[in-house]
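Notebook open, model loaded. I start with a charged side chain and then work through a few other spots.

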Amino acid sequence: SDHMENICGYLMKYTNLVTGWQYRYFVLNNDAGLLEYFVNEQSRHLKPRGTLQLAGAVISPSDEDSHTFTVNAASGEQYKLRATDAKERQHWVSRLQICTQHHTEAIGKNNPPLKSRSFSLASQGSANSPGVQRRPSQNAVSFFNVGHHRLPTGKRVPIMQPDHLVDVREMMSQAEGQQRDLIRSIECLPASGHLTSLDQDLLMLKATSMATMNCLNDCFHILQLQHASQQKGSLPAGTTISWLEPKISLANHFKNGAAQNFPAEINKPASVREEQSSAEPCQLTREPEEINPDDELEDICDDKEDDLGAVEEQRSVILHLLSQLKLGMDLTRVVLPTFILEKRSLLEMYADFMSHPDLFIAITNGSSPEERMIRFVEYYLTSFHEGRKGAIAKKPYNPIIGETFHCSWRMPKSNVATDSGTSCSAHSPSEQVTLPKDPEGQAEPDCYMVKFVAEQVSHHPPVSGFYAECVERNMCVNAHIWTKSKFLGMSIGVTMVGEGVLHLLEHGEEYTFSLPCAYARSILTVPWVELGGKVNINCAKTGYSASINFHTKPFYGGKLHRVTGEVKQNMTNTVVCRVQGEWNSVLEFTYSNGETKYVDLTKLSVTRKRVRPLEKQGPFESRRLWQHVTESLRDGDIDKATEHKRALEERQRNEERLRAETETPWCTKYFLKDGDGWVYHKPLWKTVSAAQTQQTDSN
């Protein structure tokens, strides 16, 4: 075919969180059905640094941006690649897909399954052990024909007929039944004694047996594709080989792998029936609402997440969940059990990153571009400690589309660092800052106010927008974050895709920044949170930038939660500040003049946010929306919390289905789409610009 051309060129390849993206020279070998890459073009005559078999692979353009795409090989190996532009990506994707289809069809035609098959694991021998079968270097032909016996050369290979697939399906059904009997037998064991249902070896047996059945289902799916290619001469149009999705609904397995039985509709509490009522959110008040600061009260909630009891009690549920997940699986659509949830929404978690408003406001007080960049880095690095609620890794609620969260902070002006860098109490060891109040209960007028609003603007993909402003200091920050979760074996990784922009209107400066990845480690024992990845902060106007590395703990030795970074002037390439330490403990800042400053994050003053009471919140505001789930979690009633959570998710699915049927687009409330991002509908930079224009016209 004219389209079966060998192409080569440079692409960026994602290596890992530490190394990031690197340029590599890629070669598509159509004859061999291989995608190879080298360090550079000059080393092309050497052995490739990496090779992927394209037969059975899935080539997927990414929805992150218009340049990225992935190549998922049948062996399980994945390349994440990025072209220079959308046109080049399309060129590579189309050529790879053509080559993949050609070699996948060739396997189906030249290596059909045999009539005589052995289903005895013992008869396969050590050469067919899972470790051998899953080697990335093994060719795709042997992978597609796991367990097949070869006939002598020259003999005609019979084609598997549909009735043989029926026999295979029947045998698999019997195996699945035996596996279910095994699980029931384990769960029927007593809770105490010599051998219990919570025995670690038996729990692992449950998990691995479920994983084995999922693997067999994957192989059966491949056999069906081979048979289809035999009958039609090619793979059906639009067919994708997708074996990275769970075969069993995770939502139905909350207790030891058994389905959770929810009460009938008539027996549900009124709060659940209210949550499930389909109230067409676009017909609710979707106009932006002005929040009256006088309605907000100092927050008294202090839900620390240090309780391991629920995690210990539900360890069998975790093992059952893990048995249905596979490495690299996207967890966006996976319903996770309720007991691993924090008692707050993701939108509120973003607000808690603003718990040091004194450091935030002090940024614009810097007397020079250099000092303002350093102050922003200081604020940025101190924000993550308070964003976490306790040492135990738990997951905040996934926001419902249209969900919003509002709050504010009031900070005495005397507590904010001036341009000289001094502050009365910016680094005082007090745990909480409580504002004095006048007789009518209002904050002192000599205070700065920081307002915050967040909204879930998209469900698939899950995108949140948040905005904060301090009108008195002419500064605001706007950000949009798309959370992508992946299963990594004994940990879960969350990538924060998107960016934020800090606007210092007094100086005409904009600082762009991103967020690091987060990891929940040791999910089978005591789960804990780790941050990782490289973050860049840039100010185009001043030419100052910062590079910050969140280091993940190495396998042997090394410190936890380590962070390093430097601030430099790009024009002169001069480093003006270096930082090192732990993002949840002590940070050390070393300046170009030789001075050193230590910041103990555990002693930094935390200003409580101000939130409206539930009775004054709208039905889609986070705390009111999730109030029944939160109350049940506080009471330790996991079943009831699960019931309320399920009702909310079911309502969201019903509303999404209704919008699809009526072709009604979703209406956001506070944020507007702007290119690839989302921007607050009434940002301070527009308000200030309009006011200046009006003043000029009046003059």
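Glu582 went first: I find it buried (under 20% relative accessible area, with exposed being over 50% and partly exposed in between; 1.4 Å probe, protein chains only), and yet Glu582 has no salt bridge. A salt bridge here needs a side-chain nitrogen of Lys or Arg within 4 Å of a carboxyl oxygen of Asp or Glu. The nearest side chain of opposite charge is Lys559, 4.2 Å away; Lys and Arg count as positive, Asp and Glu as negative, with His and the chain ends not counted.

Caveats for myself: this is a predicted model, where local features need pLDDT of at least 70, side-chain atom pairs need 80 or more, and totals for chains, interfaces and linings use all residues. Numbering runs from 1 along each chain as its sequence is written, and side-chain values use heavy atoms, leaving out hydrogens and water.

I placed Glu582 in strand 22 (residues 574-582); strands are DSSP runs of E, at least two residues, numbered from the N terminus. Leaving aside residues up to four places away in sequence, Glu582 touches Lys559, Leu560, His561, Arg562, Val563, Leu587 and Leu601, a contact being heavy atoms within 4.5 Å.

Next I checked Ala540, in the loop between strand 19 (528-539) and strand 20 (544-551). Ala540 counts as exposed because its relative accessibility is 79%. From Ala540 to Asn570 I get 9.7 Å, C-alpha to C-alpha, across 30 residues of sequence.

I count 0 disulfides, taking a pair of cysteine sulfur atoms within 2.5 Å as the rule.

Definitions and conventions
Helices (H or I, at least four residues) and strands (E, at least two) are DSSP runs, numbered from the N terminus.
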